[in-house]
Every structure is written in C-alpha cells, then in structure tokens.
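Student: Hi! I've got a two-chain model open and would like to talk through how the chains meet. Can you help me find my way around?

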Amino acid sequence: MSRENIPEGALRARDKLIAQFFNHPDVEMIDVGYNLNSPGTSQIVLRVHTRLTDHSKLRLPSAVDGFPVAVITADYR
Amino acid sequence: MKKTESISVTSPVAFFSAAEMREAVRARNRAMAFHFYDPNVKLIDVGFRLKDGDITDELTVRAHVFKKPRGEAFESLSRSAPQRVISETRIGFPVDIVESNYRQEFTNPTLSLSRIGVINPLCGGVSISNERDYNSGTLGGIVEDADTGNLMILSNWHVLVGSAYAPKQMRIVQPGRLDGGSILNAVAVLNRHVIDQGIDAAVADLTTERKAINKQLDLGPVLGSDAPSLGLNVTKSGRTTSVTSGVVTGVEGITKIMYGGFPIPVKYVAHIAQGPSGGEVSAGGDSGSWWVDPDTNFAVGLHFAGNDDPEYALMISMPKVLEALNVRIVDPR
C-alpha cells in the first residue's frame with residue numbers, strides 16, 4: 001500500500017464516535033485507517049477496536065458522516 | 001486412597017472427594033507450620049505421589065526440597081535434627097519428598113545478550129527498567145533536553161515510571177531487573193513524564209559513565225522524526241523481538257490501556273499490522289522501542305502495546321512524544 005493522507009472530515013467523524021463509544025468498557029481503541037476486514041483494499045474507515053468477538057453487542061452505527069465504521073477484534077496489552 | 005498402580009502423564013487425573021482434599025490441605029498446613037522455614041524446603045503442596053518418574057494416583061502432602069537426604073545422610077539427620085524430618089507420623093498424612101531446584105526465570109535463553117546484557121555504549125533496542133519493578137522494557141533511544149542539552153533516555157512511562165507513586169528521581173537500570181539488572185547497573189534517574197497528557201512516555205537523565213549513542217541496535221542511527229502515515233512501512237529494534245517490521249494501518253487513534261488496574265487513555269496512537277512478509281511484530285518487553293521509517297531513518301512512533309493473534313502493535317506519534325517531553329533526537333554525528 002502507498003502512503004495516504006486522512007480524508008477531510010474523518011477526524012471529526014472519529015471524534016463523534018469517540019464521544020459516544022470510547023467509554024464503553026469493551027472498546028479498546030478508536031482510530032482512522034484501513035478496513036482490515038477487507039484486506040488488499042485501501043478504503044479508509046473509522047475503526048473501533050474491541051476484545052469482544054460478538055461485535056453486535058456494541059451496537060455501533062454502520063457509518064458516521066459518511067465514513068464506514070469497521071470493527072477490529074484485539075486485546076492490547 | 002492408596003493404590004499401587006502408576007498412571008501415565010497423559011491418563012485422566014484421579015478424582016478426590018472434597019473431604020479428602022480438605023483433610024490433605026489441613027495436613028499441608030501442619031507441614032507448613034513445622035517445616036516451611038527449613039532452608040532445605042522450597043515448596044509444600046498437595047499432590048500426587050511421584051514414584052520413579054511416574055505420577056501415581058495417591059494423594060500426598062509433598063515437600064519440595066533442594067536436597068533429599070538418603071541413606072546415611074538421612075540417618076544422620078534423624079539423629080542430629082529429628083525435628084527436620086518430614087514424616088507421615090508427624091504430619092498425620094502420607095508424605096512425599098520431591099527433590100527440585102525451582103528458580104525464577106529472569107531471562108529468556110533465546111534472547112540475545114547483545115540486548116539483555118550490560119550494554120556499552122547505551123543505544124536503542126536494549127533491555128531497561130526502573131529500579132522497583134520486576135520487568136524489562138526497551139531503551140527506546142537517546143534524546144537531549146531541548147532547554148539544557150542534557151542527554152536523556154526516552155522510553156515508555158510504564159517502563160521508566162510504572163506507578164503514580166513512583167519516587168522522584170527513581171533510578172533506571174540497564175539491563176532491566178527481569179534480565180538480572182540491579183541498582184548496581186543504574187544508568188539514569190527519572191526526570192519527567194507525560195502520562196497525564198495521554199502520552200505513555202518518560203525521559204530520564206543519564207548518570208552513567210557508559211557512553212550513549214544515537215543508534216538503534218541492528219538498524220543504525222535515527223536522523224529525525226516524522227508523523228506516521230497510513231500505508232507506511234516501519235521497522236523497530238526491541239528488547240524481546242529484536243528487529244521486526246510492519247505496516248501502518250491506522251492513525252489518530254485513542255486507546256485505553258490497563259496499567260496497575262486502572263484504564264489510562266493514550267492519544268496520538270498509530271496501529272501497525274504485519275507487513276506482506278508476515279512474522280512477529282512485537283511482544284512483551286518491546287515496550288519503549290522506536291518505530292522507524294526504514295527509507296528515511298526517521299523515528300515515527302514510540303511502541304507501547306501490542307496484540308498477539310493477530311499480530312498488531314500500537315505506537316504513539318513520535319513528534320507528539322518529543323514535543324510533549326520538550327526533547328529532541330540527538331544528532332548522530
């Protein structure tokens with residue numbers, strides 16, 4: 001993949017997601033990046049990192065301000 | 001309870017009733033009262049009798065000792081110090097004496113001495129810790145105070161400080177305590193940190209006569225710093241996994257990491273995944289490593305956390321780290 005800049009508006013959308021979901025006990029991280037669920041693509045999405053394997057429990061929106069929301073399963077230490 | 005047949009390690013474990021276990025534990029407590037402070041005794045537990053290398057299904061109180069007296073040595077002990085003999089009669093339960101020498105495993109035998117030994121000159125990628133915590137992280141690199149020009153070590157807050165109650169000017173040791181370091185190996189004293197700004201980073205003033213150079217072990221000098229960007233290939237030199245690489249897949253992240261039982265928010269986070277060649281990205285002990293752009297040798301991030309399976313690493317944008325700490329990377333010349 002080549003280096004890319006963040007699309008305009010992505011950080012604002014990320015902040016909205018942070019305001020709503022960052023304090024959820026099962027949310028580990030929220031960032032902007034590639035959709036790892038679609039490897040090989042360069043689609044830039046909002047990403048919520050969680051240790052939960054059943055992502056439906058988070059009840060995340062599918063998109064914020066037009067930026068798709070993807071979920072990454074991880075337990076950072 | 002007593003049977004004569006032995007069971008192999010792979011066979012199902014024998015079952016003991018709750019009453020049997022309670023009786024065994026009470027007997028263990030008696031054994032501890034009599035023998036735990038005997039210098040020859042390392043461990044007292046409840047378990048299967050070990051006979052000729054086989055695990056039997058007899059429940060016993062087991063005393064694990066450095067040296068099991070046998071023959072004349074046992075006879076001599078019985079005469080000279082009968083109170084030290086661990087017997088079924090005294091404990092009121094079957095007893096097994098297991099000879100063993102348990103040691104804390106400070107070092108991983110697969111780790112290179114070039115990273116976990118006493119390193120001179122000091123450089124990025126080697127083992128380090130504060131003087132209190134039994135762990136080891138990575139000396140990220142050498143920086144200088146932007147105001148005074150004093151040389152400093154830069155690594156994570158959770159490596160150099162680790163606690164809200166850490167004393168001021170706590171000593172930093174190289175190698176880290178997990179790798180056998182002690183205050184005799186002190187190389188720096190804690191100066192400041194910025195965890196309250198959401199950045200897991202700290203610096204310590206060098207106090208050692210050992211030289212310190214701008215070099216990442218097995219990678220070379222760092223020539224500057226830059227913000228991480230999506231798609232950037234990165235590499236790092238760390239205490240545990242040595243030189244590894246990955247690709248930046250996320251930026252502008254905010255996360256919360258559990259330190260000492262409390263969730264601490266960390267900002268300016270970039271996410272790294274395995275590159276096309278795969279392989280390990282990071283592991284415990286790599287905390288504090290500097291992620292570097294291999295094309296420019298610019299430091300782009302300070303490693304602080306990771307995930308196994310899948311392999312991910314997290315770093316904090318290096319320009320943000322340097323700005324918050326008011327330090328700059330040392331000129332390699």
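Student: Which residue stands opposite Val32(A)?
Tutor: Val251(B), which lies in strand E16 of chain B. Bear in mind that this is a predicted model.

Student: And how do the two strands there pair, parallel or antiparallel?
Tutor: Antiparallel: E1(A) and E16(B), which covers residues 242-259, are joined over four bridges.

Student: Nice. What does E16(B) pair with inside chain B?
Tutor: E16(B) pairs with E17(B), residues 262-273, in the antiparallel sense over nine bridges. As one example, Gly253(B) has Val269(B) in E17(B) as its bridge partner. The two strands make a hairpin with two residues between them. In that turn, Gly260(B) has a positive phi of about 60°.

Student: Where does the sheet go from E17(B)?
Tutor: On to E20(B), residues 312-317, again antiparallel, with five bridges between the two strands. Val269(B) turns up here too, standing opposite Ile316(B) in E20(B).

Student: Back to the interface. How many residues are in contact?
Tutor: 30 residues of chain A touch 26 residues of chain B. About 2100 Å² is buried between the two chains, and carbon and sulfur atoms give 57% of that area.

Student: How many salt bridges are there across it?
Tutor: The rule finds one between chain A and chain B. Its partners are Arg14(A) and Glu252(B), with their closest N and O atoms 3.6 Å apart.

Student: Which parts of chain A supply the side that touches chain B?
Tutor: Helix H1 (10-21) and strands E1 (27-34), E2 (44-50) and E4 (67-73) of chain A each supply at least two residues. E1(A) gives the most, with eight.

Student: How do the residues on that side divide by type?
Tutor: On the side of chain A that touches chain B, 16 are nonpolar, six are polar and eight are charged.

Student: Changing topic: what is the secondary structure of chain B?
Tutor: Chain B has six helices and 21 strands.

Student: Is chain B spread out or a compact globule, and why?
Tutor: Chain B is more spread out than a compact globule, because its radius of gyration is 26 Å, well over the 20 Å that the globule rule gives for 333 residues. Along the principal axes, its C-alpha atoms fill a box of roughly 75 × 40 × 35 Å.

Notes:
Residues numbered from 1 in each chain as written. Chains lettered and ligands numbered in written order. Predicted model: local features only at pLDDT ≥ 70, side-chain atom pairs only at ≥ 80, totals over all residues. Heavy atoms only, no water. Contact = heavy atoms within 4.5 Å. Buried area = accessible area lost by both parts, 1.4 Å probe. Salt bridge = Lys/Arg side-chain N within 4 Å of Asp/Glu carboxyl O. Nonpolar A, V, L, I, M, F, W, Y, C, P; charged D, E, K, R; others polar. Pairing = 2+ DSSP bridges. Rg over C-alpha atoms; globule rule 2.2 N^0.38 Å.
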